2 protein chains.
Amino acid sequence: MFGPDDLIDHDGPITPYRQLAAILKARIARGDWRPNRPIPSEARLVQEYGLARSTVRRGIAELVAEGVLFVMPQRGTYVSPSDSTEGAEG
Amino acid sequence: MFGPDDLIDHDGPITPYRQLAAILKARIARGDWRPNRPIPSEARLVQEYGLARSTVRRGIAELVAEGVLFVMPQRGTYVSPSDSTEGAEG
DNA sequence: ATTAATTTGTTCGTATGTATC
DNA sequence: TGATACATACGAACAAATTAA
């Protein structure tokens, strides 16, 4: 549906926050950010995708609810340690 | 029967909502709105064609049933992605 | 300890769209 | 026709904790 390099389509049928969630998930799957590593800050994602912070937070909340991400207040948002999707490389 | 630039004939033999459906279909065929792009809001169509909102919704429902349009609740009404009429856009 | 920058948490206001009554 | 509800998006402001100088 949405690839790692897709941009947000503000007028599309899919809401921006869902697009962002799909994009972030794709980027995680691709390996842009590894388990227990932080994803870019909300402010950074705002710049990168041209979204309001509230929208970015909504997209992140979506992935937190799915268990893909977890938030450490005042510290950052991190990729959850995947138990099965564990990619063994290196 | 009805062209893209036709107006609604409130006294004609064809019901307004069918006229609207035909007009919208003609406008889509003409390219006023592309696949996966939103058509004007219900409120906008009410103004533009001088119809009651319920009538506009009925006309839209007609095209949704035909697969010409699809509705994303709380977001908007969109032109269905045509599998064959697929226009190559940038 | 101070100061400043960074980052998430929270709330309010405004706007737009469909859904329902 | 009109009013209300619900979902979404943007913008702004401030709080609180972390981090670095």
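In this predicted model, the surface near DNA strand C has 4 nonpolar, 8 polar and 7 charged residues by class. DNA strand C is surrounded by 19 residues, and the closest are E42(A), R53(A), Q74(A), E42(B) and Q74(B). Of the atoms of DNA strand C that come within 4 Å of the protein, 61% belong to sugar and phosphate. At least two residues of this surface are supplied by each of four elements: helix 3 (53–66) and strand 2 (76–79) of chain A, and helix 3 (53–66) and strand 2 (76–79) of chain B.

In chain A, an N or O atom in the side chain of R57(A) is 3.0 Å from a phosphate oxygen of DNA strand C. A base oxygen of DNA strand C lies 2.5 Å from a polar side-chain atom of Q74(A). In chain B, a polar side-chain atom of R53(B) is placed 3.0 Å from a base nitrogen of DNA strand C.

The two protein chains also touch one another: 8 residues of chain A are in contact with 7 residues of chain B. About 550 Å² is buried between chain A and chain B, and carbon and sulfur atoms give 49% of this area. Of the area that chain A buries against chain B, D9(A), D11(A) and P13(A) supply 73%, more than any other three residues. D9(A) also takes part in a salt bridge, in which its side chain meets that of R37(B) at 2.3 Å, N to O; the count between chain A and chain B is 1 salt bridge. Across this interface, 5 residue pairs are in polar contact. The side of chain A that touches chain B comprises 3 nonpolar, 3 polar and 2 charged residues.

Notes: Residues numbered from 1 in each chain as written. Chains lettered and ligands numbered in written order. Predicted model: local features only at pLDDT ≥ 70, side-chain atom pairs only at ≥ 80, totals over all residues. Heavy atoms only, no water. Contact = heavy atoms within 4.5 Å. Buried area = accessible area lost by both parts, 1.4 Å probe. Salt bridge = Lys/Arg side-chain N within 4 Å of Asp/Glu carboxyl O. Polar contact = N/O pair within 3.5 Å; in protein donor to acceptor, adjacent residues only side chain to side chain. Nonpolar A, V, L, I, M, F, W, Y, C, P; charged D, E, K, R; others polar. Near = heavy atom within 4 Å.
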